[in-house]
Amino acid sequence: MSRTTRRTFTISMLALLAACGKPQQATKFPRYAGPPVTQVSINKGERRMHLLSGSTVVRSYDISLGNQPVGHKQFEGDGKTPEGIYYVDRFNPRSRYHLSVGVSYPNPADRAFAESHGRHPGGDIFIHGRGPDGNNLFPRQRDWTAGCIAVADEEIEEIYAMLSPGTPIVIYP
């Protein structure tokens, strides 16, 4: 085999192997291509969450809260959803509540308050889907979480794609 023929054969085989590679799989969850979300605004009294880009509401959702929804979360196990300014601090694609986005509770003031009372402030507050547990509870009980903010599973897929680490979360009473 001549050198040119060998080179052509090698290049052809490499191209054939590349074409036989594993096809790109579609992602399981939607992608977001809209304006960047610059803030999450949660109104506990209205049970509504708004994702904003600047001052424009990009999306809104009905939400469920902790099983003791009135008042600011102060201690571990109190069933309350925090109030105040927090940030997106993590993403959990393997949440038992479908998907979850971490809320940076407790902040230093929350921690100091709980410690001044000899208690733990709690933690692991998320915006998450309902998952199997929530889908069973939600029809009978609007506020069912341990202090988190819950939305429908399809909605958390959209929210998960729209948020970035460090996005402010403002939670109003």
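Begin by selecting Asp62 and Arg48, whose side chains meet in a salt bridge with an N to O distance of 2.9 Å; the model you are looking at is a predicted one. Because Asp62 lies in strand β3 and Arg48 in strand β2, this pair ties together parts that are 14 residues apart in sequence. Asp62 counts as partly exposed, at 46% relative accessibility, and Arg48 also counts as partly exposed, at 26%.

Next, select Asp143 and Arg47, where a second salt bridge is found at 2.7 Å, N to O. Asp143 sits in the loop between α3 (131-137) and β7, while Arg47 sits in the loop between β1 (39-43) and β2, so the pair links parts that are 96 residues apart in sequence. Both Asp143 and Arg47 are buried.

Then move to Lys73 and Asp78, which form a salt bridge whose closest N and O atoms are 2.9 Å apart. Lys73 counts as buried at 3% relative accessibility, and Asp78 is buried with a relative accessible area of 17%. Selecting Asp89, Arg90 and Asp124 shows one network, joined by salt bridges that share partners.

Now colour the strands: the open sheet has eight of them, in the order β3-β2-β1-β8-β4-β5-β6-β7, with mixed pairing. Its edge strands are β3 (56-62) and β7 (149-150), each of which pairs on one side only. Strand β6 (residues 125-128) pairs with β7 in the parallel sense over two bridges, and Ile149 in β7 is the bridge partner of Ile127.

Finally, select helix α4 (residues 153-162), which packs on the sheet and touches strands including β2 (48-53) and β4 (84-92), its direction making about 145° with that of β3.

Conventions:
Residues numbered from 1 in each chain as written. Predicted model: local features only at pLDDT ≥ 70, side-chain atom pairs only at ≥ 80, totals over all residues. Heavy atoms only, no water. Pairing = 2+ DSSP bridges. Helix = DSSP H or I, 4+ residues; strand = E, 2+ residues; numbered from the N terminus. Contact = heavy atoms within 4.5 Å. Axes fitted to C-alpha atoms, helices over the stretch in contact; angles between N-to-C directions. Salt bridge = Lys/Arg side-chain N within 4 Å of Asp/Glu carboxyl O. Buried < 20%, exposed > 50% of the residue type's maximum accessible area, 1.4 Å probe, protein only.
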